[in-house]
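Try each task before reading its solution.

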Amino acid sequence: MAYQSLRLEYLQIPPLELITPFQLYFNPELIFKHFQIWRLITNFLFFGPVGFNFLFNMIFLYRYCRMLEEGSFRGRTADFVFMFLFGGFLMTIFGLFVSLVFLGQAFTIMLVYVWSRRNPYVRMNFFGLLNFQAPFLPWVLMGFSLLLGNSIIVDLLGIAVGHIYYFLEDVFPIQPGGIRILKTPSILKAIFDTPDEDPNYNPLPEERPGGFAWGEGQRLGG
């Protein structure tokens, strides 16, 4: 994806120097030896200086995060959060073996990949130049990144993690002998999911549509 350079020159210090990219980027040595645990999260939150790449990231992140939440994850907030945690965990593990300093853009590609596989018949248009089915979108973005001379490691990581999640969640459980490996922890369901309504619950009068039946009563002597 046309996002970031993976060289350390990318870590340019902003003018105000309140928080610099050097304080945020993914560095296993600083995380595990100097206990800078926040880097496990902050490396997902930095998308570079404000510019084309930054806006491109924000648009895609907002668009596909929203479409997933309102589509296949509607009413399943805990499962949505679990996908975030699972994807972030895998990317962190892979980040130990590749020279990536920020993983947020790979996370965006993961969301795009999951959405595209769950909406295979949606027609896409890329800058008015290409028309294709949704499952090709991550690969089109990777090709666009390649044309701009950027490294495609970020795109490949996002696609790989997205495919692992999609396969374990949507494909493997419905195969002969398949089981559901990814199960959302109960604590996430307790925090994020609203409890099911009891079908036998009889609401109080003030909770019923229209509230109390004010002014109604029995006729005297009735």
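**Exercise 1. The main core**

Of the 43 residues in the largest nonpolar core, which touch the most other members?

Solution. Start with the ground rules: this is a predicted model, in which local features need pLDDT of at least 70 and side-chain atom pairs count only at pLDDT 80 or more, while totals for chains, interfaces and linings use all residues. Residues are numbered from 1 along each chain as its sequence is written, and side-chain values use heavy atoms, with hydrogens and water left out.

Next, the terms. A nonpolar core is a set of buried Ala, Val, Leu, Ile, Met, Phe, Trp, Tyr and Cys residues joined through side-chain atoms within 4.5 Å. Buried means under 20% relative accessible area with a 1.4 Å probe, protein chains only.

Now pick out the residues: Leu68, Met83, Met91 and Leu141 touch the most other members. Then look at where the core comes from. Two or more residues each are given by α3 (52–70), α4 (77–95), α5, β1 (123–126), α6 (137–147) and α7 (153–171). Helices here are DSSP runs of H or I, at least four residues, and strands are runs of E, at least two, numbered from the N terminus. The largest share, nine residues, belongs to α5. Finally, notice that another core of six residues lies apart from this one, with Leu24, Tyr25, Leu30 and Val101 among them.

**Exercise 2. A residue in α5**

Find Val114 in helix α5 (residues 104–118). Is Val114 buried or exposed?

Solution. Check the area first: Val114 has a relative accessible area of 0%, so it counts as buried. Then list its contacts (heavy atoms within 4.5 Å). Leaving aside residues up to four places away in sequence, Val114 touches Leu68, Met83, Gly162 and Tyr165.

**Exercise 3. The hairpin**

How many bridges join β1 to strand β2 (residues 130–133)?

Solution. Count four bridges, with the strands running antiparallel. Strands pair if DSSP finds at least two bridges between them. Within the pair, Asn125 stands opposite Asn131 in β2. Now move to the turn: three residues lie between the strands, and Phe127 takes a positive phi near 55°.

Key:
Buried means under 20% relative accessible area, exposed over 50%, partly exposed in between (1.4 Å probe, protein chains only).
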